[in-house]
4 protein chains.
Amino acid sequence: MSDVFTHPWLGGLFGDADMQALWSPEAQLAHYTAFEVALAHALEAAGRVPPGHGAAAAAMLEACVIDPASLAEDVTRDGLPIPALVRRWRAADPAHKEAIHYGATSQDVMDTALALTLKSVSGLLAQRLCTRDGSLGGLEERFGDRPLMGRTRMQAALPIRVADRLRDWRAPLAAQARRLDASHAGVERLQLGGAVGTRHGFGNQAQAIADAMGARLGLSAPDHAWQSDRGGVAHYAACLAGIAGTLGKMGQDIALMAQQGLDDIRITGGGGSSAMPHKSNPVLAELLVTLARLNAGALSGMQHALIHEQERSGAAWMLEWALLPQMSCATGRGVTAAQALCERIEDMGDR
Amino acid sequence: MSDVFTHPWLGGLFGDADMQALWSPEAQLAHYTAFEVALAHALEAAGRVPPGHGAAAAAMLEACVIDPASLAEDVTRDGLPIPALVRRWRAADPAHKEAIHYGATSQDVMDTALALTLKSVSGLLAQRLCTRDGSLGGLEERFGDRPLMGRTRMQAALPIRVADRLRDWRAPLAAQARRLDASHAGVERLQLGGAVGTRHGFGNQAQAIADAMGARLGLSAPDHAWQSDRGGVAHYAACLAGIAGTLGKMGQDIALMAQQGLDDIRITGGGGSSAMPHKSNPVLAELLVTLARLNAGALSGMQHALIHEQERSGAAWMLEWALLPQMSCATGRGVTAAQALCERIEDMGDR
Amino acid sequence: MSDVFTHPWLGGLFGDADMQALWSPEAQLAHYTAFEVALAHALEAAGRVPPGHGAAAAAMLEACVIDPASLAEDVTRDGLPIPALVRRWRAADPAHKEAIHYGATSQDVMDTALALTLKSVSGLLAQRLCTRDGSLGGLEERFGDRPLMGRTRMQAALPIRVADRLRDWRAPLAAQARRLDASHAGVERLQLGGAVGTRHGFGNQAQAIADAMGARLGLSAPDHAWQSDRGGVAHYAACLAGIAGTLGKMGQDIALMAQQGLDDIRITGGGGSSAMPHKSNPVLAELLVTLARLNAGALSGMQHALIHEQERSGAAWMLEWALLPQMSCATGRGVTAAQALCERIEDMGDR
Amino acid sequence: MSDVFTHPWLGGLFGDADMQALWSPEAQLAHYTAFEVALAHALEAAGRVPPGHGAAAAAMLEACVIDPASLAEDVTRDGLPIPALVRRWRAADPAHKEAIHYGATSQDVMDTALALTLKSVSGLLAQRLCTRDGSLGGLEERFGDRPLMGRTRMQAALPIRVADRLRDWRAPLAAQARRLDASHAGVERLQLGGAVGTRHGFGNQAQAIADAMGARLGLSAPDHAWQSDRGGVAHYAACLAGIAGTLGKMGQDIALMAQQGLDDIRITGGGGSSAMPHKSNPVLAELLVTLARLNAGALSGMQHALIHEQERSGAAWMLEWALLPQMSCATGRGVTAAQALCERIEDMGDR
């Protein structure tokens, strides 16, 4: 099996290569490395390791090549890849091993990698949503003045203009983009807590080390760890679901408009049928509905993951691992599918 | 049947009288009336009705007494209470009936009532969360320096202080309070769109009327209707779920701390057992977990409701009616239960 | 607040009086009493109490009048109503108090009451689904031969007959009825376990007592308690959601058929609009979609409740209390709404 | 990105190679081919194609090699792989192309492939659950008589035996296995409906063709298509979630038992920590909880997919594509993880 996003043929429909790249094992490994590099430098700057040792460890880390698949067996045992990575890194440079992972724990590495990933996800989505807004603006210019039957509760109500319908797709998406933007602060944060979240290994230099790491990584450095506080991540997930849901509304509208009998829209290049060559199915419009409902369900799991017991919950944390990448990919594909769909609109409203 | 919140005996556990009052039929009727009063005045100010007619209609509206139960039969037919209300109001003052509901539609009334309700909900929660923060601060003063075994992945890890555990309950809740605060703008908005959301009945006075209504009602007056854009409401729901989830984490922690063998907390007045008089069950701690999971599930439905087709979706809108009041009450009760629970804490950590 | 099912006016749309009566506090109290009556008789038959004491206690129990609201305060403390009830019952007949609740625990009483309730729920649903099937049969007789455009992926495909569409509403519902029927065995079971589910208070008479109680109550008497095994209840909930979902498909179809432009169905007595007197909204069809989605979300919570830790989980059990009555009422109302909707169909298909 | 099940290193924890193989693109292509082979033979047997043409087409189909990735572009356009496959198959043997896909539609092929897949899934799970039951039986033999503190509502209640706890893991799983077994009939069904589900291309030979195909494929041949009736599939999904949920309860129990202070279980080979070499985390126990919650959430989506509008819903159907394979893999991994976990149990209960 592979999931619908990476499936060899379903990936043609569900896939979002750029988004998937942000979550790729290679990208995650690079983020893990970046965390340790930042830590090594910060330890040196704080005088926790001899001069030069931090830089040497950092150089080794950046040069070290890890085969993702080689970690599987360790993960079967440990439940996460960091212990095995740390062993390898330390073995690769025993002379400077005290600059590697000192005072940190697996969750520090993985949550910081998550923060870096979500920062990229936000950037990609923001850029696409901007394009998307322009594209809806283009439709408004072309068809905005056309009349269209307004429909409420699935019934013809009163005539509106195409521009009215488009505004109800466009303004909500802009609002969702603003919500996503406001949610950055809650996730673009260094995670640094050590074994039980108290930064006990760093003494009174803890915040200085965190600040240095944050500056290097482009993340904020909060004054304590957030390992058991998943509110920022869950809130971010709600923003992803919000974008997908808003696009789902547009998709549902377009699928309804495309019905013969309503004929409110004409789309080129719809999906072919194996039984009826004449059909042109509004596949991308339907896909938007599917992606919205996928994220609506996944968000529920992210909220359950807020119940993150004690100083670290394996069960709740792993739930995030399964859900958040998929929510990102579903949202990302929602935006590209919406874009592709709009580009195929040949006509809207009544002439 | 009644639900757990209003159930004659389960309401003793799940109920939140103050929160429930905000959603009571009487409160909703008062908000519906307030909408029509604001509209009547605004119509008069805009010269849409003869001088004095708006004020006269408003006076009638404020004096009119409606028995909630008398609307049930109409709702069976119409699916919502506003058509019947408008008929009654107009019949009560035929001379000024043109100042009642002119240019509006049921959703304008009901969504504006929702906005007013959520404004009150936010106020109540903000006040309680502030108290709650103080209460956690009090626990920190009393027990913060005590040692406590830090536990990760359900395993003893390293000693921490009670203050560390408390910080992981307190800081996330403050962050959730800030998220709720930031979500106000998306819901405290006048809804005014008319039959198909275009404000067509008001001509070029639409915004002036909306501004006047918003000012009177204490809501913002956006420049277009948001009847099919449920993003603000769904986002608000995510904030409610976030609060409940953060409290659920605390509840789970306390239930774990109360285990014999860990004995990290002592709570007075726990729940009695019918079979074992010696037991003292951490009922309120468990309740916090239950309420968090209830909201996690309900949030999923609120996200599905984003797929609000065309100019108004009966199916998606009704889903909100069923879910949002319960989410509010679950969140509200979460805060009062957490407060009561903290007040019963007699001891924390090791001596 | 009250929920949509019992709300003074929304209850006109969402309410199902017969179903709600099965879950009423009075009905639950009657079931609690029936459990204790059965236990008292069984204890006497087993010789655990002196001859006549069981019957005397049973007579007292049946005569005892409890005001539901009087239990609220106890439930605030204990988290459930049974300890207070047992205190009152024992106080009402101190001479026979050893025949009351002996060897049992709160969950025995409440889960057995649940079993009795679900038995009634199943009976009510089975009867209604049978009527429902006849009603769809009637539509087939009247309109089955009419042509109708078959639609796939929201696009006109090839003509079918009305009978084809009706079959796709009717056969799945019959299958759901069979699934519900098959799920009875998993829930219509006596719960009898005592404090930790081991029936330790009954010695080697445990099964004899359970058998006698089951026979009196009309429930099976499994050979061990199922207090932490919620599989039967969760499965039952899935059957409820299945019925509601199948009706939701019919509702969605009818709402689509009722669109102007398709005009595949004509329904009398649709919902009125406050802004457009000419409209006739397919309110009941939309309601079916709403109820299906409500149950789809609630089912998720029932599945989370399977994670019922140790010998009894307060948190997971309380989640069921909140969700299962509502799922029953949503399903029940789905069937009555579908019935009412079918009765209002005046025309289907093309002439 | 890849999902947790196929991720290069997380797959070491979440992966289930045997289950994933059943859902692999190669397996699906083989099932698609099997459908067309069965159809070709059945068409010949029914005299719908000249003698020998069906067999010739079948031979071509079985010999034809398709590169899964080569279908991606077609799926981007068509939304599903069958139209492109049919084009290739027909091009590969133009002389017998009338025996390929005649009277069928994409959903017939894909749903029949689903039926074949779920049949294999059920077989794999049934076999594993049987092993699992034996393994729990083995624990009972070794540790069943040991005392253990029974715990209710997270509180010590009364002593039980290890056998009591084990029974509450074992009996519910056996019940879930029976539910899964009973759900086979609803999914192991040939799908054959043609463009709009009416089998119109087959005239009065429709059932004969269906019967012949069913016999060859090892599936039942219902008397009408079930393309818009997803009740059987959703019910199957509920059974998958039920198994995972029941295992989640066991996982939660074991994680609680493993706490220092309770020390009710000793597990060898727990997960290592990067910060605390002395720790042994109950990773597999936590994983069971995660998988249970994943499936609880996914089931909600499968229930939403019951609202499958008209003769075929793209949006609802695609939701199943995303959810059902993952639910299967999560359930499958749940069983193997539970098995591995039990094999690592070195001690249970008090001595």
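Select chain D together with chain A to begin, and display the polar contacts between them: the count is six residue pairs, both residues at pLDDT 80 or more, where a polar contact is a pair of N or O atoms within 3.5 Å, and within protein one must be able to donate a hydrogen and the other to accept it, with residues adjacent in sequence counting only if both atoms are side-chain atoms. This is a predicted model, in which local features need pLDDT of at least 70 and side-chain atom pairs count only at pLDDT 80 or more, whereas totals for chains, interfaces and linings use all residues. Residues are numbered from 1 along each chain as its sequence is written, chains are lettered from A and ligands numbered from 1 in the order in which they are written, and side-chain values use heavy atoms, with hydrogens and water left out.

Keep the interface selected. On the side of chain D that touches chain A, the elements giving two or more residues are α1 (11-14), α2 (17-22), α3 (25-45), α5 (72-78), α6 (82-92), α11 (283-304) and α12 of chain D, helices being DSSP runs of H or I with at least four residues, numbered from the N terminus. Of these, α12(D) gives the most, with ten residues. Colouring this side by class shows 38 nonpolar, 24 polar and five charged residues; here Ala, Val, Leu, Ile, Met, Phe, Trp, Tyr, Cys and Pro count as nonpolar, Asp, Glu, Lys and Arg as charged, and the others, Gly among them, as polar. Chain D and chain A bury about 5,200 Å² between them, 68% of it on carbon and sulfur atoms, where buried area is the accessible area (1.4 Å probe) that two parts lose on being put together, summed over both.

Next, turn to the aromatic rings. A search of the whole structure finds 16 aromatic pairs over all chains, a pair being rings of Phe, Tyr and Trp (its six-membered ring) with centres within 6.5 Å, stacked if the planes are under 30 degrees apart, edge-to-face if over 60 and tilted otherwise. Select Phe5(D) and Phe14(D), which form an edge-to-face pair, 6.3 Å centre to centre with 90° between the planes. Phe14(D) has a relative accessible area of 0% and is therefore buried, which means under 20% relative accessible area, with exposed over 50% and partly exposed in between (1.4 Å probe, protein chains only).

Then move to Trp317(D) and Trp321(D), four residues apart in helix α12 (residues 314-343) of chain D, about one turn of the helix.
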